[in-house]
Amino acid sequence: MLTNYIPLALMMMVAIGFGVIMANLSKWIGPRKPSREKLSVYESGMVPIGTTHERVSVKYYIVAMLFIIFDIEIVFLYPWAVTFDKIGAFALGEMFLFIGLLFIGYIYVVKKGALEWD
Amino acid sequence: MFDIIFYIFGAITVGGALVTAFARNIVYAAFSLLFTFFGIAGLYIMANADFLAVTQLLVYVGGILILLIFGVMLTSRIGTVDIRVGTGSRWVAGIMALGLFAILCAAFFGTAATHTEKSADGKSQVVTSWATHATRPWSGSKWNQDATTEALKPKYGAPDEVKSNEGSSGTSVEIGTLFLTDYLLPFEVISVLILVSLLGATMIARKEPTKEEEAIAESVSV
């Protein structure tokens, strides 16, 4: 029932609260003496080049896409993991088959060079 | 209390969706989609579909939304593009929306919500009640008890066997058991499906460098 989720709700509240407070703490209690130099874009001490709307390499997209596919694989691991002790060796074999099939895909991806940063 | 949380999640979902639909800046639209996905996960939890909620968070919030934001970042000058389309097809859109609304209403009022009740002799029995009576989610009383999971059971599982979802494990144990017993083949077919999407994504997204480009790349690296 919903009472099971109270720890989860608490954790989320703490996480959100921590994030908001930490991000704003320096703004609230720190002194503010803005100058031209301070207000310029911080780029590790370098003079900023170009705009912030820079195009990101399409490489990221491929990696993100492959990530989602393996993410979905992970989702199926959860119900398997909680029933593993009940079903035993059969479940283990099944999961080997499941992951083995995807491993073929992984080999294909690596061979294809989709994970290389050239 | 249950109702209040339900409305909060509902408001998050609808509010996020409205911002997504009406935002002029596509980045804001993508980020407000986060709230919609999150609210839907909350609603899944309210319906006792905890596995689905976790999946929603893991796949949609953690994956697809990131992909969407990447898509926004990858597109050049997308910030200056006005993403709102013309109003030429307003009537068609209205009719489509009304039709969808009617279908959803029919599905909602036609779905039986079953819940377990202790009868006088102490045995638990499944009670079926329809949404048109006093069991609407906003009236609160009976709907929250295992409604969704129990409602699906007579269709997909043994109707005489009513398990309660006591304990913290929730529905994932049942889902896992069904995957490894009755629905073994679909489970393995999912693996094949993921494999196919993996290969397809790689095929489409990864452009094979031509001989010329390879030569150029080599000469550059040397």
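Biologist: Let's start with A:Leu25. Why is A:Leu25 called partly exposed?
Modeller: First, a caution: this is a predicted model. A:Leu25 has a relative accessible area of 33%. Buried means under 20% and exposed means over 50%, so at 33% A:Leu25 falls in between and counts as partly exposed.

Biologist: Where does A:Leu25 sit, and which nonpolar patch is it part of?
Modeller: A:Leu25 is in helix 1 of chain A, which covers residues 6-29.

Biologist: How many helices and strands does chain B have?
Modeller: Chain B has 8 helices and 2 strands. The order from the N terminus is α-α-α-α-β-β-α-α-α-α. Buried residues account for 32% of its 222 residues, and the accessible surface comes to about 14,000 Å², with 70% on carbon and sulfur atoms.

Biologist: How many residues of each chain take part in the contact between them?
Modeller: Chain B brings 47 residues and chain A brings 50. Between them the two chains bury about 4,400 Å², 78% of it on carbon and sulfur atoms. The count of salt bridges between chain B and chain A is 0.

Biologist: What aromatic cluster is there?
Modeller: One aromatic cluster is formed by A:Phe76, A:Phe98, B:Phe179 and B:Phe187. Over all chains, the search finds 12 aromatic pairs. One of them is B:Phe9 with B:Phe38, a tilted pair.

Biologist: Why is the pair of B:Phe9 and B:Phe38 called tilted?
Modeller: The ring centres are 6.4 Å apart, and the limit for a pair is within 6.5 Å, so the two rings count as a pair. Their planes make 55 degrees. Stacked would need under 30 degrees and edge-to-face over 60, so 55 degrees is tilted.

Biologist: Which helices does that pair link?
Modeller: B:Phe9 is in helix 1 (residues 2-22) of chain B and B:Phe38 is in helix 2 (residues 26-46). The two are 29 residues apart, so the pair links distant parts of the chain.

Biologist: Buried or partly exposed: what are B:Phe9 and B:Phe38, and why?
Modeller: B:Phe9 has a relative accessible area of 19%; buried means under 20%, so B:Phe9 is buried. B:Phe38 has 27%, so B:Phe38 is partly exposed.

Biologist: What about B:Phe35, and what does it touch?
Modeller: B:Phe35 is in helix 2 of chain B. Its relative accessible area is 48%, and exposed means over 50%, so B:Phe35 is still partly exposed. Leaving aside neighbours within four places in sequence, B:Phe35 is in contact with B:Ile12, B:Thr13 and B:Gly16. The C-alpha atoms of B:Phe35 and B:Ile12 are separated by 6.1 Å, though the residues are 23 apart along the chain.

Biologist: Why does B:Thr55 count as buried?
Modeller: B:Thr55 has 18% relative accessibility, and the cut-off is under 20%, so B:Thr55 is buried. B:Thr55 is in helix 3 (residues 50-74) of chain B. Not counting residues up to four places away in sequence, it touches A:Val75 and B:Tyr60.

Biologist: Last one: what is the phi of B:Asn48, and why is B:Asn48 called buried?
Modeller: Its phi is near 65 degrees, a positive value in a residue other than glycine. B:Asn48 lies in the loop between helix 2 and helix 3 of chain B. Its relative accessibility is 11%, which is under 20%, so B:Asn48 counts as buried.

Methods. Residues numbered from 1 in each chain as written. Chains lettered and ligands numbered in written order. Predicted model: local features only at pLDDT ≥ 70, side-chain atom pairs only at ≥ 80, totals over all residues. Heavy atoms only, no water. Helix = DSSP H or I, 4+ residues; strand = E, 2+ residues; numbered from the N terminus. Buried < 20%, exposed > 50% of the residue type's maximum accessible area, 1.4 Å probe, protein only. Phe/Tyr/Trp six-rings, centres within 6.5 Å; stacked < 30°, edge-to-face > 60°. Contact = heavy atoms within 4.5 Å. Buried area = accessible area lost by both parts, 1.4 Å probe. Salt bridge = Lys/Arg side-chain N within 4 Å of Asp/Glu carboxyl O. Areas by Shrake-Rupley, 256 points an atom, 1.4 Å probe, with all protein chains shown as cover.
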